[in-house]
Protein chains: 2
Amino acid sequence: MKRKEIRVRCWVNVDGQRFFGPGPAELLRLIEATGSISRAARTMGMSYKKAWDIVDNLNTRARKAFVIAHKGGQRGGGAQLTDTGRKALVAYEKLAGKIEKIVRAEKALLQFV
Amino acid sequence: MKRKEIRVRCWVNVDGQRFFGPGPAELLRLIEATGSISRAARTMGMSYKKAWDIVDNLNTRARKAFVIAHKGGQRGGGAQLTDTGRKALVAYEKLAGKIEKIVRAEKALLQFV
DNA sequence: ATTCGTTATATCGGATCATACATAACGATC
DNA sequence: GATCGTTATGTATGATCCGATATAACGAAT
């Protein structure tokens with residue numbers, strides 16, 4: 001039996017290029033949960049470099065930073081979401097949730113495959 | 001001024017790999033309009049090979065073909081959508097339209113960038 | 001000063017994907 | 001049977017993304 005599923009992805013473009021989407025959203029969630037970029041990256045099986053690039057991109061291009069990181073110290077350092085980062089994440093999750101709901105209610109497409 | 005926009009894309013996966021999405025949908029629309037795979041491809045700036053691969057993928061993996069093509073003849077050949085192909089396209093457009101509507105009503109995300 | 005885990009950054013190679021090119025087959029019309 | 005634009009298919013090249021690796025800087029605590 002074929003496994004059929006409707007998938008949907010939403011993201012924000014700024015000046016034509018990707019700014020925020022499901023990957024960054026998941027990363028922010030895990031930074032909030034773990035308190036560090038590197039732990040968040042490990043948890044989701046992403047390289048630290050990629051995670052850092054994502055965070056840097058968010059902080060550089062948003063009007064206010066999404067993440068504050070500090071290095072050194074007893075535990076090497078860490079990172080937290082700013083208030084702006086937390087609000088952006090919540091707004092994204094709200095939109096994604098609404099879209100998910102639509103998709104769950106709409107299965108007509110799948111009868112053709 | 002930054003140009004900010006929310007984008008969304010939905011597609012159908014079969015057994016974990018892409019089956020139908022915005023690209024194939026646009027291609028089907030243009031095959032319907034032009035009567036041939038190659039004209040459709042040219043119209044949307046896509047190589048004929050890629051267009052043919054998409055059509056072949058649809059026809060091979062769907063339970064019924066989406067496109068019927070014939071080669072040779074006075075005008076070299078041509079292609080039309082099957083009834084199934086047309087119905088699948090309509091179902092996709094219906095779903096995509098609903099999602100677009102949600103997105104247009106939800107701009108809260110954009111204030112952070 | 002040493003230790004520690006993290007932040008921060010550059011570079012290299014590979015894998016994947018897109019594109020271009022090349023060519024054969026087809027069949028109605030003339 | 002010559003012509004024509006299309007379908008159908010393979011291959012080679014180029015570009016782009018991704019992962020792995022390496023390394024420096026940092027600062028609190030001991």
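The contact between the two chains takes 34 residues from chain B and 34 residues from chain A, where two residues are in contact if their C-beta atoms, placed from the backbone, lie within 7 Å. This is a predicted model, in which local features need pLDDT of at least 70 and side-chain atom pairs count only at pLDDT 80 or more, while totals for chains, interfaces and linings use all residues. Residues are numbered from 1 along each chain as its sequence is written, and chains are lettered from A in the order in which they are written.

On the side of chain B that touches chain A, strand S1 (4-14) and helix H4 (83-104) of chain B each supply at least two residues, helices (H or I, at least four residues) and strands (E, at least two) being DSSP runs numbered from the N terminus. S1(B) gives the largest share of that side, 11 residues. By class, the side of chain B that touches chain A holds 20 nonpolar, 2 polar and 12 charged residues; Ala, Val, Leu, Ile, Met, Phe, Trp, Tyr, Cys and Pro count as nonpolar, Asp, Glu, Lys and Arg as charged, and the others, Gly among them, as polar.

S1(B) also pairs with strand S1 (residues 4-14) of chain A, the two running antiparallel and joined by 11 bridges, where pairing requires that DSSP finds at least two bridges between the strands. Within this pairing, Arg7(A) stands opposite Trp11(B) in S1(B).

Within chain B, Gly23(B), Pro24(B) and Leu27(B) in H1(B) meet Ala51(B), Ile54(B) and Leu58(B) in H3(B), a contact with 5 nonpolar, 1 polar and no charged residues.
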